[in-house]
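Let's go through this one together, question by question. Have a look at it first.

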Amino acid sequence: MKKSAIEPFFTILREANPSPQTELEYTTVFELLAAVLLSAQATDIGVNKATRKLFPVANTPKAILDLGLEGLESYIKTIGLYRSKAKHLMETCRILVEHHDSQVPDTREALEALPGVGRKTANVVLNVAFGQPTMAVDTHIFRVSNRTGLAPGKTPLEVEKQLLKRVPAEFAVDSHHWLILLGRYVCQARKPKCWECLVTAQCDFKPKSEAPKSSK
């Protein structure tokens with residue numbers, strides 16, 4: 001994607017969705033951290049179903065610890081890899097209570113020191129909770145960045161670095177939401193819905209996919 005196309009690309013996405021939000025449901029920074037930790041290799045819909053039952057009962061590090069491992073597992077067992085995620089979340093809660101006064105830290109170093117919190121999870125928390133211009137490169141952003149030519153890269157980290165370099169500052173905070181939503185609903189893996197895409201004119205993907213013909 002030519003540099004001259006990047007500003008129009010994001011301007012169009014912003015006009016269509018001025019205040020994009022994560023689809024994970026949360027009301028506090030800790031709830032966000034817990035939801036993102038649970039969302040690895042799982043859908044936001046699946047995580048939300050579990051946390052709608054969990055958070056009214058336990059939505060602080062101490063409350064999660066008080067549930068105990070088996071108690072926590074009973075709430076999240078519908079989520080993939082729930083046993084390992086439960087262990088990570090319990091240990092994370094212990095560290096937050098013992099070392100951070102039960103508060104979620106706002107630095108990458110401290111976040112990535114928490115069990116189950118990798119670079120992508122840290123980026124989501126830093127961006128969504130603390131408004132930092134980070135890029136949490138998931139499968140959707142990785143695909144969209146490469147397919148459109150916006151930020152090509154062979155690894156998520158390469159794509160992240162390209163995005164940080166190429167996305168104009170005025171779009172930086174919200175850009176990862178727009179890219180995720182674009183990838184989730186329009187620029188899909190098996191067949192991109194180019195005929196529905198608002199930014200097809202800025203996109204380098206060729207040939208553009210056509211709308212399915214009517215079955216009539």
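Q: What makes the lining of the largest cavity count as 9 nonpolar, 2 polar and 3 charged residues?
A: Ala, Val, Leu, Ile, Met, Phe, Trp, Tyr, Cys and Pro count as nonpolar, Asp, Glu, Lys and Arg as charged, and the others, Gly among them, as polar. Sorted that way, the lining divides into 9, 2 and 3. This is a predicted model, where local features need pLDDT of at least 70 and side-chain atom pairs 80 or more, while totals for chains, interfaces and linings use all residues. Numbering runs from 1 along each chain, and side-chain values use heavy atoms, without hydrogens or water.

Q: Why is it called a cavity?
A: Because on a 1 Å grid over the protein atoms alone, a cavity is a set of points where a 1.4 Å probe fits but cannot get out. The search finds 1 cavity of 30 Å³ or more, and the largest has a volume of about 100 Å³. Of its 14 lining residues (an atom within 4 Å of a point), the closest to the centre include C187 and C194.

Q: Why is helix α2 called largely enclosed?
A: Buried means under 20% relative accessible area (1.4 Å probe, protein chains only). Helices are DSSP runs (H or I, at least four residues), numbered from the N terminus. In α2 (residues 29–38), 9 of the 10 residues are buried, so the rest of the structure largely encloses this helix. Among them are F30 and L38.

Q: What does L111 contact, beyond neighbours within four places in sequence?
A: With contact meaning heavy atoms within 4.5 Å, L111 touches V104, P105, V117, A122, V125 and L126.

Definitions and conventions: Buried < 20%, exposed > 50% of the residue type's maximum accessible area, 1.4 Å probe, protein only. Helix = DSSP H or I, 4+ residues; strand = E, 2+ residues; numbered from the N terminus. 1 Å grid on protein atoms, 1.4 Å probe; cavity = no way out; pocket = protein on both sides within 12 Å on 5 of 7 lines; lining within 4 Å. Points joined across faces, edges and corners; volume = space filled by probe spheres on them.
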